[in-house]
Structure formats: structure tokens, C-alpha cells
Amino acid sequence: MPNARPRPRPGAAGRHELVSRSLQSAEHCLGAQDFGTAYAHYLLVLSLAPELKDDLKETFQYTLFKWAEELYALSRVQDLLGCYEQALELFPDDEVICNSMGEHLFRMGFRDEAAGYFHKAVKLNPDFNDAKENFYRVANWLVERWHFIMLNDTKRNVTYNAAIHKAVHAGYKSVLDIGAGTGILSMFAKKAGARSVFACELSKTMYELACDVVAANKMEDIKLLHMKSLDIEIPKHIPERVSLVVTETVDAGLFGEGIVESLIHAWENLLLQPKSKGEDDDCEKYGKVIPASAVIFGIAVECAEIRRHHRVGVKNIVGIHLPTNVKFHSPAYSSVDAEETVEPYTTEKMSRVPGGYVPLTECFEIMTVDFNNLQELKSLATKKPDRIRAPVTREGTLDAVVVWFVLQLDDEHSLSTSPSEETCWEQAVYPVQNLADYWIKPGDHVMMEVSCQDCYLRIQNISVLGLEHKMDVVKSFSKNKESCSAGNEAELCNALANLQTSKPGSVEQMCVLESTEIALLNNIPYHEGFKMAIRKVLSSLTPDKLLQAMDTQSDETNSAAEQKDRSVQSAPDPYYILDVSEGFSILPIIAGTLGQVKPYSSVEKDQHRLILDLISEVNHFPKETLEFWLRHVEDESAVLQRPKSDKLWIIIILDVIEPSGLIQQEIMEKAAISRCLLQSGGKIFPQYVVMLGLLVESQVLVEETAVQGKERTLGVNIAPFINQFQVPVRVFLDLASVPCTPLSQPVELLRLDLMTPYLNTASREVKVHICKSGKVTAIPFWYHMYLDEEIRLDTSSETSHWKQAAVVLENPIQVEVGEELVLNVQHHKSNVSITVKQGLAVPGQSV
């Protein structure tokens, strides 16, 4: 904030006087931290004297941001947005104000609008790292990565184009594209000769993108609607019923994007009646849907990677016993009675899942659905679940039921999302949870109930029926048939009494954790590393404590009361340890086993606190040992504080790396605060982090990051428009299974020291030796996290709950064995940018 007040330039006397007085008032209010009044005065000054904009710009920004924070805290959302709109009228090309406006909008959940401001800020200043990071983080929500992958899927595009072309030539000349995305299916219909084409898209970003694409391809007569298909009315939005609906509103589980609901509405309100058998061939009188139908298939599999993300497979974590009555589930778990609103499945590209998978059954049919049959669509939601029995063909651990489908576009054209197909789709994965025994063998049957509820394909009550179980069922049935005696009734009463008098500790507690949190609990090396590191810190401080404790011991002649008094008076103070790692963490409990420690957990969810209390109880911790720090602070942002005014932390555990493979936002700021709160000899964990990377050639990473020209989209020009939203950093990667060819050995890219910040550098150059000729398309990266000089955690290890990430180059570089590439690595806040040099500099890619 500038100190010197700029002098208004000469003007009309009255205006000059008003500007001068308002400027003085603004400075006075700013000094008194009355930001709202100061903002109003500066607004008046700049409106009356625009020539002062350059001089007052920084001070005005500072005042605006401070006042906006106050308005946000008071939930005065309209006033906050109004202030930014006024500011942008004065400074329409100010990237800092645009970025800040975007941050507030994103905080309030307006992602589309936020991205627009971030995008504008980056356009105004391509080197503005804060805006670039914000845009990259939000772009994944606005234009999801599968758009790029699908548009690059030539087979998918060719097949849809052929089916649409065939229908239009058969006479289905009026078309509605539901969930248009970029508008590619609408343009296929127009190119095929459709008389009228309408397209609806709910996402504001995708709608605007489709408008640009349609205009660039000179098809402006396609009428685009920014709305849900469920809200379309005739004749308000489209003049009359259409003869053809085209859509690809299907996800990995087929129904998850609402295709059933939208097609029921379309058949009832927007489509002509379907053609019946035997009716004449004038197709323009009738209605039709592409895709026409689908068949859903499944297979039961063994897959260690799915297992470690959805089942806690350990009972003892470095000495901490997990209660037998606590059942951990991932969000994909869905009981038949629960009113679930989340997806009852996760998704995986099974052909690339780390470690692979083993089929335990043959492929079995789950369900068929006819999208051209209104009654069938309506019955899906009300239909009772179907029982499916799949014979086991191979012994192994039952980890999941994997689901895919064949989309029958018409009687000639189809697309399969099977794991064995080269396709843009992933498969739906239903992890098996809550079985007493997961081992199955030939002769067993995997049982499940299948239904379509809440727009989702649900596979529930997965169980195993073995040969011995069949015999038990037969015996039980025969026994009950022979006699329904008083003895049986007595057995039932006895069982009921046992249930009623069971111990409270045996009451089952269900705890839902994210899949990364479950993988973390299964990550034994992670917990072993922290236990060793914490013990080493405590050991380095303990000798003095031991001497103190010995001095306080009483002679044998002292009375018991005297001993008690003296031990209470001179009991050593505990060491304070704070764990502010994200999500569910048992590190505070592990720390509590290592001596005179007062551990604090920062978990947010009440359910997670309850489970940590149960774990403490099972491990015979006194109840007061573990504290939940967010109960002691007013808001989450104040979590890095002192436990008491006169006490400091001995260890602060920070989350430096996101599960996605990126550096946590504001981690260096958190580390700076943490260093101020450590007592002498205290440590931050990890103490430093080394970022490693290597050069690779990978066509897959290129195709998943940007649309590759016009050829794959059959001559339709989409790439320049959607590629504005490409993010050069691919996250949530499993490097072990990404198809790629390494062209170099791993090298150290960056070191972030949380304990000794003066060792950090904002910029460095790294020479990389080429060990294999090829085309450098990407730089995958991961981290070694050093808890101390000897204890290291690797985010790329098989047991890691972290994923990895990669910078994908916009322009690949051809290299030969023996050459050297120079990487320029720059670090700013949580942003890391990498520039590749080889004669011709390639634009920096932010991480």
C-alpha cells in the first residue's frame, strides 16, 4: 500500500475540492481500518478523477480486498459482488481484481462464473501465476477431462456419425441433441441434411463453447438452448415435436447422467410417437432415439488396487488396534435401505489399473434397456431389484463387480465400453465390502441385487453362496418343514435375548472414508515412518525429563500421600503435537503411545472424532489424552495456533502433497506460521520435500489433455475452442500403469524445505541427460517427503495413497540419445512452473 498521497491534477475548482476532501477521508478511514467507508471514498475519487487511477490503483485494490473479506464474513454476498462489479467498471482490464473476484465466486460455489474471471485474468497477464493456478484447478470442473478423451476417440465419433447419418437419410429430419457438450452430434445431424436441429446444454461454459464451435463451423442455424431438456417447452423453445433425439448422456454406469429421466420427458413432451411394426415408412411422422438400446454386462474380479482403496485390510497399524466393531466403508458402499444420493460406484480404466485384475466369473448380463420404449423406461425406477447369480470360475479374493455396456445406436451400429475395447470410457466399479469372507472358488456363486434407482444403476447386497451354504439351506428348510416345535420357538427367544443383552462395545459403527483415506490406513510404511520420526524427536528431548522425573521420586519412607502430592506437583509437562493433515488420520493416537505426549487432531467430521475416540478406548488411552483441536478454535483457518498461551508445539504435521499429486495450496505460508509455533528442538513433518521427475513419450497423456486437430472429429473444427480449457498438468495418475516410454532417468526438480526456508530457491535450472531417442511429450513428477534426513516417504510407491501427476508439453520435442535438455523450474507459492529449453524455448507449464 503506497504511503505518499498522489496529488489530484488541476481541474474544476469544485471537483478538485471534493476529490481532495474525499481522498483525505479515504486515507483517514483506511488508517482506522474502516475499509467500507474508505472503499466508498476511493470509489468517488476515481469516478470524479479518472486521471488518478494509475496512482491509486494499488491502494484501491488493497481497500477493496479488505472490505470484500469483511462482507464475505458477514454473508453480504450481493454487496460483495456489487463492489467487485464497480471496481471492474473502473479497472476492466485489471487481472488482480478479476482473479480476486473469481476466488470469491469459487468460494461461493459459482464455478462457471469463477472460471470466466480466472480465464480473463490469465488472458490479461499470461505470467500471473495465481490466476493460472486458479484457472487450472477450476477448469477440470468446467470442462471435464473426458471431453478431450471422447473427442479424440475416432471410433466413437465415426459410429455416432454413421448412425445419425442413416437416421436423417431415412427421414428423421428434425433433431434435438440432449446434453450437447461441444455440439458435435448436432453438427453431424446438420451435415447429414437435417432440416432443423436444436441442442440443449446446461453448463454455461459448455453452452458458450458450443456457440463458438457452431459459429466457427458455419452452422449458426443450429439453435442452442442453455437449459435442461426437462425444462424445454413447445412452442416456447422449439416450435414442434422432433422426430429424432440424439444423446450421449451416459456415464460409466450408463444411467448416472440422467438419460432415463430425460428420455421419459422427451417421449412425453418433445418427441413424435414411436413407429410401430407394420406402419408405413414415412419416418418424418414418427419419433426415434439414438442410442436405441443398451445391454449392461458385469464380471466379478480380484484386484488388489481396488481392494486397498475400498477395504481397510489391516487390524493393527504400527501397534494401534482397530476396533472390530468399526466397519470402514468407501462412499461407493451402498446399502439397500439407505437413501443414498452419491454414486454407488467408482470408475476405473480397468485395462490400466495398477497391478491388473483377475476375472473370477464369466461375463454375465445384468440388464437390457430399450430407449425407444416409454413404458419400459418408466418401469425401470419402480421395478423390484433383480436377483443375479454368477457362477465362480476361478478361485481368488472377491474385490469388486466391474460393469460396462454395449450401446446399440441402431440395428447396425454399436459401441462397447468393455475393458477389452480401446475406448474413451472407463468402467463402473462396485467394490465388495462388508463380507465375512472374500475368498471364493469354483462351485460358489456371486449373488447380487440389481436395480435402477435415483438415476443410478445399483448393485447391492453382494454375497457369496457356496456349496456348503446350499447344504445348510437345504437342511434348515427340511428341519423347519418337519416340525415347528416349541423347542424352535425357545431357540428364537434365546437368540433374541442374547441380542438384547449384547455389550455396548459390540454395537457396530459404520465409518465412511474417502477412498484415499482408506488407502492411507492401509499404507503401513507411512505410519511406520511417522512413528519412527516422532520417537526420534521425543528421544532427543527426553533425557532432561527423565532426570526431572527421578528427582521427584520420594524415599521409601515417605508416606503414600506425600508421594502422591509430590508427583502431582512435579509431574513433567507433556509434549504438544498437532496433526493438521487432511482428512481422517490416526497419527495423533500413534504419537500418544510414545510417551508424555498431548496429541491434537484436526479432523473436522463428528463421525471421524467418534471413531478416533473408539480407537483410543480400544487401545486403553485415557479419554483426555486425545484432543480435537477444532473444538478449541473458532474457525478452521486459525488451526495453527498455540495450545495454551504459554505452550508451544513440539511437532506439527502438515499435509504437503494433495492426493492428486500436486503441492497443497498455501503450504509454504502454513509452514512459516508453524515455524513460529515450535518450541526449541521442535520439528515440522515433513521437514523437506524433494520433487522428482523424468522425461517420457506418451501419446495417451497428449490425447487426454487436448483435442488433436480436426481429423479425429471428422472435419468438425472443435480443437481451438475446447483446448482453451486444456490444463497442461494431468493429475491423479498412476505412473506405473500409464502407457509411456521413459527417455531419461529420474532427476531432482525442486526441493522445498519447510524447516529451513532460506535453502529454497525461486528458480533453478536442471540438466536432464537423454538416455533414449524419442519425442518428449510429458514430464511426470512425484515426491520424496523427508520426515528427517533418514526417514523418507515416496509418493510413487506401490503402497502410496498419493497419486502422481505430469506436465504435458504443448509442443513435443524430438530428442536423441546423449543430448541434454535443460529444464527451468520456478517456484512461486504453491505453483511450480517448468520450462523446457532446447534451442527453442517451449512455453512454461504450471504445476
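Colleague: Is Y576 buried or exposed?
Modeller: Y576 is buried, at 5% relative accessible area. Here buried means under 20% relative accessible area, exposed means over 50%, and partly exposed is in between, with a 1.4 Å probe and protein chains only.

Colleague: And what about W649, buried or exposed?
Modeller: W649 is buried too, with a relative accessible area of 0%.

Colleague: What sort of model is it, and how are residues numbered?
Modeller: This is a predicted model, in which local features need pLDDT of at least 70, side-chain atom pairs count only at pLDDT 80 or more, and totals for chains, interfaces and linings use all residues. Residues are numbered from 1 along each chain as its sequence is written, and side-chain values use heavy atoms, with hydrogens and water left out.

Colleague: Back to rings. How many aromatic pairs are there?
Modeller: The count comes to 18 aromatic pairs. The rule is that rings of Phe, Tyr and Trp (its six-membered ring) pair if their centres lie within 6.5 Å; planes under 30 degrees apart are stacked, over 60 edge-to-face, and the rest tilted. One of the pairs is F35 with Y62: the ring centres are 6.3 Å apart and the planes are at 80°, so this pair is edge-to-face.

Colleague: What is the geometry between Y576 and W649?
Modeller: Their ring centres are 6.3 Å apart and their planes are at 80°, so Y576 and W649 make an edge-to-face pair. This pair links distant parts of the chain as well, with Y576 in strand 22 (residues 575-579) and W649 in strand 25, 73 residues apart.

Colleague: Which residues form a ring cluster?
Modeller: Ring pairs link Y526, F530, F685 and W802 into a cluster.

Colleague: Which charges lie over ring faces?
Modeller: R311 lies over the face of Y438, at 3.5 Å from the ring centre. R751 lies over the face of Y688, at 3.8 Å from the ring centre. To count, NZ of Lys or CZ of Arg must be within 6 Å of the ring centre and within 35 degrees of the ring normal.

Colleague: Switching to sheets. What does strand 4 pair with?
Modeller: Strand 4 (residues 244-247) runs parallel to strand 1 (residues 174-178), joined by four bridges. Strand 4 also pairs with strand 5 (residues 288-290) in the parallel sense, over three bridges. Two strands pair if DSSP finds at least two bridges between them.

Colleague: Which residues are the bridge partners of V245?
Modeller: V245 is the partner of L176, and V289 in strand 5 is a partner of V245. As for side chains, L244 and V246 point one way from strand 4 and V245 and T247 the other way, and all are buried.

Colleague: In what order do the strands of the open sheet come?
Modeller: The order is 13-19-20, three strands with antiparallel pairing. Strand 13 (386-391) and strand 20 (456-465) are at the edges with a single partner strand each, so one side of each has no neighbour in the sheet. Neighbouring strands here are turned by 25° against each other on average, direction ignored; axes are lines fitted to C-alpha atoms, for helices over the stretch in contact, and angles run from 0 to 180 degrees between N-to-C directions. Strand 19 (residues 445-453) and strand 20 pair over eight bridges, and V446 has V464 as its bridge partner in strand 20.

Colleague: Which peptide bonds are cis?
Modeller: One joins I234 and P235, with omega about 5°, and P235 lies in the loop between strand 3 (223-225) and strand 4. Another runs from I290 to P291, with omega near 10°; P291 is in the loop between strand 5 and strand 6 (293-302).

Colleague: Which non-glycine residues have a positive phi?
Modeller: Among them are E666, at about 60°, and F732, at about 55°. E666 lies in the loop between strand 25 (649-653) and helix 22 (667-676), and F732 lies in strand 29 (residues 729-733). E666 is exposed, at 51% relative accessibility, and F732 is exposed with a relative accessible area of 51%.

How values were computed: Helix = DSSP H or I, 4+ residues; strand = E, 2+ residues; numbered from the N terminus.
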